[in-house]
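User: I am new to this model and would like to know what lies behind the labels. Please take me through it, with the cut-offs.

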Amino acid sequence: MANGWSIFVGLAVIVAMCVGAWVFAPKGENQVYGTYFTISLPSRPPTSFTTPTGTDETNPLTFIYLSNPPPKNSLWRSSLILSFVSCYLMWAITFLAQLHPLIEPRRSDLRKDYVHH
Amino acid sequence: MAPARDTPFRSADMSMVQLYISNEIGREVVNALGELGLVQFRDLNGEQSAFQRAFTQDIRRLDNVERQLRYFHAQMEKAGIPLRKLDLDVETLAPPTTTDIDELAERSQGLEQRVSSLNESYETLKKREVELTEWRWVLREAGGFFDRAHGNVEEIRASTDNDDAPLLQDVEHNNSAPDVERSFSGMNIGFVAGVIVRDRVAAFERILWRTLRGNLYMNQAEIPEPLIDPATNESVQKNVFVIFAHGKEILAKIRKISESMGAEVYNVDENSDLRRDQVHEVNARLNDVQNVLRNTQTTLGAELSQISQSLSAWMVLVGKEKAVYNTLNLFSYDRARRTLIAEGWCPTHDLPLIRSTLQDVNNRAGLSVPSIINEIRTNKTPPTYLKTNKFTEAFQTIVNAYGTATYQEVNPAIPVIVTFPFLFAVMFGDFGHAVIMLSAALAMIYWEKPLKKVTFELFAMVYYGRYIALVMAVFSVFTGLIYNDVFSKSMTLFDSQWEWVVPEGFEKGTLVARLKSEDYRYPFGLDWRWHGTENDLLFSNSYKMKMSIILGWAHMTYSLCFSYINARHFKRPIDIWGNFVPGMIFFQSIFGYLVMCIIYKWTVFWFDPANPQQPPGLLNMLIYMFLQPGFIDIPLYPGQKYVQVFLLLLALIQVPILLFLKPFYLRWEHNRARAKGYRGLGERSRVSALDGDDEDENGNGRHSVASDDEGVAMITQDLDDEEHEEFEFGEVMIHQVIHTIEFCLNCVSHTASYLRLWALSLAHQQLSAVLWSMTLGPALKTTGIGGAIYIVITFTAFFCLSCIILIIMEGVSAMLHSLRLAWVESFSKFAEFGGWPFAPFSFKQMLEESEELKEYTG
C-alpha cells in the first residue's frame with residue numbers, strides 16, 4: 001500500500017492541489033481593499049466607484065482606475081501553495097525517515113497478551 | 001498597459017501630491033481627508049514656530065473647550081456619575097460644521113460657569129454645615145464640662161489661685177466651702193471652647209502648657225463621628241476642647257494659639273439656659289443649610305448627568321477638530337490669495353478616490369473655485385505603505401516590529417503568514433494541545449465583536465493575534481498528527497509497519513520488532529509502535545534533527561529567492577549576478593548537498609540481504625569534506641570524492657565573486673558615465689516643486705511660491721538630499737566585504753540555528769510525557785471509589801497544567817523561537833528594512849491611538 005512510490009504519488013497530489021490553489025484562489029477585490037471602501041461609503045453613494053463622474057472623465061488616472069481589472073488575490077495563492085508545500089515536505093521527510101529504518105523498536109515491558117496486537 | 005493594483009506583496013505605489021484648496025473649505029477638505037485616512041501631509045511651515053502658524057488661535061480655543069470638557073468629567077467622577085461611552089463601531093458622528101463647533105464652545109462655556117458656580121455655592125454651604133456641626137458638638141460637649149465643673153469650682157479655684165498650697169490641703173478644704181457662689185465669672189475665670197484635629201491635640205496641649213506656664217485648666221472630649229473637611233473632602237477625627245484660664249490677656253493668647261494650630265473656636269455661653277437656646281438655634285440653622293445643600297447637589301447632579309450623555313461625543317468631536325487644525329497648520333497659507341497649499345504623500349492608486357472626495361466637498365460647499373490636486377515628481381524616498389486587513393494586520397505587526405521594509409521591496413510579511421506559524425507548529429507538535437489552541441482561536445474569532453471591548457491588556461494582546469493563533473493551531477494539528485502525539489500519547493490511526501518478534505513460550509523480556517512487509521510503510525506520520533520503546537528517542541532525535549536541517553535549508557533557500565525578485569524589481573542586475581547567484585551557489589553547494597545526502601541516505605536500503613552495506617555518518621562526511629577534501633570515511637555513493645571536491649571548489653570560487661564583482665562593476669559603470677560627461681543628479685540641479693527646500697523658498701519669498709506655473713517647474717539646488725550620493729568606491733567595497741563575510745558565516749550558523757526546531761519539539765514532547773506520568777498516568781491504575789476521586793483530582797491538575805505550562809508557556813517559547821527564525825534567519829537573506837512608515841492623517845487611527853480619548857470611547 002504505502003511504499004517508496006508514495007512519495008511521488010504524494011508529490012503529484014500536492015502539485016495538483018497547488019495548481020488548484022493557483023486557479024481557484026478567491027478572485028476579485030483583494031481583501032485589503034475592503035477597509036477603506038467601507039470608510040468612505042457613508043458619505044458617498046457606492047455607484048460613484050463604478051461610474052466615472054463627469055468632470056473626472058478626462059483625467060487619465062481615473063481611466064486607469066476603472067479599466068484596471070481587479071487583481072487575483074495573491075495573498076491567498078501564495079499562502080495556500082506555501083502551506084501545501086510545507087506540509088508535504090514534512091510528511092515526505094517523516095515518510096522517508098521510516099522507509100529504510102536503520103534501527104528497530106525495542107522494548108522489554110510488554111505483557112504476554114499484548115505482543116500479538 | 002496599466003500597472004497592477006496594489007497588492008500586499010509590495011508596499012503601495014506612492015505619489016507626492018500638491019493640493020490647492022480654497023481657504024473657505026480648507027477645514028471641510030481636511031475633515032473629509034481625515035475620514036478617508038489616505039494622505040500624509042508634509043510640514044510646509046518648518047521654519048515657523050507653533051505660535052506663528054495660521055490656525056493657532058483656533059487650536060487654543062479648542063484646547064479651552066477640551067479643558068472645560070475634562071473639568072466636567074472630573075466633576076462627574078467626583079459626583080460618581082457614570083460616563084456614557086461612545087461606541088464608534090455603532091455610532092458614527094456626522095462631520096461637524098463650524099457653527100456646531102461654535103455652539104459647542106459656547107455651550108460648554110455656559111455649562112462650565114454654571115457647574116463651577118454650583119460647585120462654589122456647594123462648597124460654601126458645605127463649609128457652613130461643617131462649622132455648624134462642629135459648633136453643635138462643642139455646645140454639647142462643653143455643656144457637659146460645665147455641668148460637671150460646677151460641682152467642683154472650689155477645686156479648680158484652689159489649684160489655680162493658690163500655687164503654693166500644699167497638696168494635702170485639698171483634702172482638708174474640700175468640703176469647707178459648700179455654699180460658695182457657683183459661678184465662674186465670680187472667680188474671674190474665662191474659657192475658650194473649640195474644635196481641633198485629633199492628631200494635633202498633643203502638640204496643642206504642650207504649646208499651651210509652655211506658653212501659659214501651666215496656668216490653665218483644659219478639658220477635652222473626642223467627637224465620635226468623623227467630620228468632613230470641606231476643602232479636601234476627606235474625613236477627619238476631631239476633638240472638642242474647653243480651656244479655662246483667668247485674665248483677659250491669657251484668654252486672648254489661648255485664642256491666638258488655637259487659631260494658629262488650626263482649631264476652630266466657637267462661642268459658647270456659660271449659662272445653661274442660654275446654651276440651650278444656642279443649641280436650638282444651631283440645630284435649626286443646620287437643618288436649613290442641609291436642605292439647601294441637598295437641593296444644590298441634586299441640581300448639580302442633574303446638570304452633570306445631562307452632560308454625561310453627550311460628553312464623549314463632544315470630546316471626540318473636539319479631538320477631531322483639533323487634529324484638523326493641527327493639520328491645517330502644516331499647510332502653506334497665503335493670506336492675500338486666500339488659498340491653502342498642501343503637500344503630502346498618498347497611494348497612487350487612491351488618487352481618484354481622493355480627487356472625487358475633494359470634488360464632493362467642493363460641490364457640497366457650492367464653490368466655483370475648484371480644488372486642484374497635482375501629482376508632482378520628486379526624488380525623495382516615498383514612505384512604505386503596506387495595506388492590511390484584519391487577517392494580515394497581526395502578521396504585518398510582527399514584521400514591522402523588526403523594521404519598516406524598504407519602499408516597494410517584497411513585503412517580508414507575505415512569507416511570514418505561512419512560515420512563522422508552520423515553524424511554530426514544528427516545535428509545538430501535539431495534536432491535543434493544538435486542538436485546545438484551535439478551539440480558543442476559533443472562539444476568539446467567532447465572538448470577535450463582543451471580545452473587542454475587553455480591555456484587559458494580556459487578553460487584548462492574545463486577541464490581537466487571534467488569526468496568528470488560528471493558523472498556528474491549524475498547522476500544529478497537522479504536525480501533531482505527523483509526530484503522532486496527543487497529550488504525549490500515540491494514536492493508532494493506521495496499521496503499524498512493525499511487528500514484535502515473539503520467541504516460543506515468551507513470558508517476559510526484551511522484544512525487538514521487525515518490518516511486517518517489505519512493501520508496507522506507515523503512511524502518515526510516525527509509526528505508533530515507536531511510542532514507549534527504549535530506543536524511541538534514538539530514532540526520533542535523528543529524524544527530527546534531519547528534518548530541522550531540511551526545513552531550515554528550504555526556508556533559507558526560499559527567502560534567498562526573494563532577493564532575486566527584489567533585484568529584478570529595482571532593476572539592479574548586478575545584485576543578481578554579484579549577490580544572488582554566487583550566494584545561492586555557495587549555499588547550495590554546501591548545505592544543498594548536505595540535504596541531498598540526507599534524503600539519498602534515507603532512500604537506500606542499507607541492510608539489503610543481497611548486498612549489505614555500512615551506512616555512513618553524514619556529520620563525519622561533512623566534516624571530512626572541509627578538513628580533508630578527497631578523503632571519504634565510509635562511502636555513500638560511487639564517485640563521491642570527486643563530487644565533494646568539485647562542490648567545495650565551487651563554493652570557494654563564489655567568495656571572491658561575492659567580494660569583488662559588485663563593487664568593481666559599480667566603479668566601472670560610474671567611470672564610464674563620467675567619461676561620457678554625465679554627472680550625478682544630486683550633484684547639480686534638479687527639477688522640483690515645493691519640496692521643502694527651504695533655501696529656495698526663502699529666496700523667492702513665501703508668497704511667490706504659490707504662483708502656479710513657477711511652483712511646478714522650479715530649478716532648485718538640492719545638496720543635502722540623501723539619495724544621489726557621490727559614488728565612493730571605498731564605501732561600496734567595505735559594504736560588500738561585510739556582506740560577504742556575514743553571508744558566508746551566516747550560512748553555517750543559521751543552518752545550525754534551525755536545530756532549535758528539533759530541540760524545542762523534543763522538549764515539548766518530553767515535558768508532556770513527564771506531566772502525564774506525574775498526574776493522570778498513575779491515577780489510571782487505581783480502582784474503586786478512591787480511584788475515581790483520585791482520577792478526578794489528577795485530571796484537573798493534568799488539564800490545568802497542560803493549559804498553563806504546555807500550551808501557554810511552551811507556546812510562547814515556541815513562538816519566540818519561530819519569530820527569531822523569521823526575523824534573523826529569513827529576513828537577513830533578502831530584506832533591507834530601509835524604509836520609513838506611511839502615517840496618514842486619519843481620524844480612525846487617531847481615535848484608536850489616543851490614550852486620552854480612550855476613556856471616552858467604549
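**Terms and values**

User: Where is B:Tyr333 found?
Analyst: B:Tyr333 belongs to strand 9 of chain B, residues 332-334. Helices (H or I, at least four residues) and strands (E, at least two) are DSSP runs, numbered from the N terminus.

User: What kind of model is this?
Analyst: The model is predicted, so local features need pLDDT of at least 70, side-chain atom pairs count only at pLDDT 80 or more, and totals for chains, interfaces and linings use all residues. Residues are numbered from 1 along each chain as its sequence is written, while chains are lettered from A and ligands numbered from 1 in the order in which they are written.

User: Why does B:Tyr333 count as buried?
Analyst: A residue is buried if 20 or more other C-beta atoms, placed from the backbone, lie within 10 Å of its own; it is exposed at 12 or fewer, and partly exposed in between. B:Tyr333 has 22 such neighbours, so it counts as buried.

User: Which residues does B:Tyr333 touch, leaving out those up to four places away in sequence?
Analyst: B:Ala54 and B:Leu340. Contact means that the C-beta atoms of two residues, placed from the backbone, lie within 7 Å. B:Leu44 is 289 residues from B:Tyr333 in sequence, yet their C-alpha atoms are 9.4 Å apart.

User: What makes A:Gly4 buried, exposed or partly exposed?
Analyst: A:Gly4 has 14 other C-beta atoms within 10 Å, so it is partly exposed. A:Gly4 sits in the segment before helix 1 (6-24) of chain A. A:His100 is 96 residues away from A:Gly4 in sequence and 9.5 Å away in space, C-alpha to C-alpha.

User: How many helices and strands does chain A have?
Analyst: Four helices and one strand. From the N terminus, their order is α-α-α-α-β. Of the 117 residues of chain A, 17% count as buried.

User: Which residues of chain A does UniProt list as "transmembrane region"?
Analyst: The unreviewed UniProt entry lists residues 7-25 and 75-97 of chain A. Positions follow the numbering used here, feature names are shortened, and annotations may be inferred rather than shown by experiment. In the model, residues 7-25 of chain A are 95% helix and 0% strand, with end C-alpha atoms 26 Å apart. Residues 75-97 of chain A are 100% helix and 0% strand, with end C-alpha atoms 33 Å apart.

User: How do you know that strand 3 and strand 7 of chain B pair?
Analyst: Two strands pair if DSSP finds at least two bridges between them. Strand 3 (189-197) and strand 7 (238-246) of chain B are joined by nine bridges, in the antiparallel sense. B:Ala193 faces B:Val242 of strand 7, and B:Phe191 stands opposite B:Phe244. Strand 4 and strand 7 of chain B also pair, antiparallel, through six bridges.

User: What order do the four strands of the open sheet in chain B take?
Analyst: The order is 4-7-3-8, with antiparallel pairing. Strand 4 (217-222) and strand 8 (264-266) of chain B are the edge strands, since each pairs on one side only.

User: What makes strand 7 of chain B largely enclosed?
Analyst: Eight of its nine residues are buried, so the rest of the structure largely encloses strand 7 of chain B.

User: Which residues touch the most other members of the largest nonpolar core?
Analyst: B:Phe424, B:Ala425, B:Met472 and B:Leu757, in a core of 74 residues. A nonpolar core is a set of buried Ala, Val, Leu, Ile, Met, Phe, Trp, Tyr and Cys residues joined through C-beta atoms within 7 Å. Helix 11 (413-427) of chain B gives the most to this core, 12 residues. Another core, of 58 residues, lies apart from it and includes B:Val29 and B:Leu351.

User: Which domains is chain B divided into?
Analyst: Domain 1 is 15-114 + 297-376, and domain 2 is 392-490 + 531-675 + 728-829. Such bounds come from an automatic or database domain assignment. The C-alpha centres of the two domains of chain B lie 49 Å apart.
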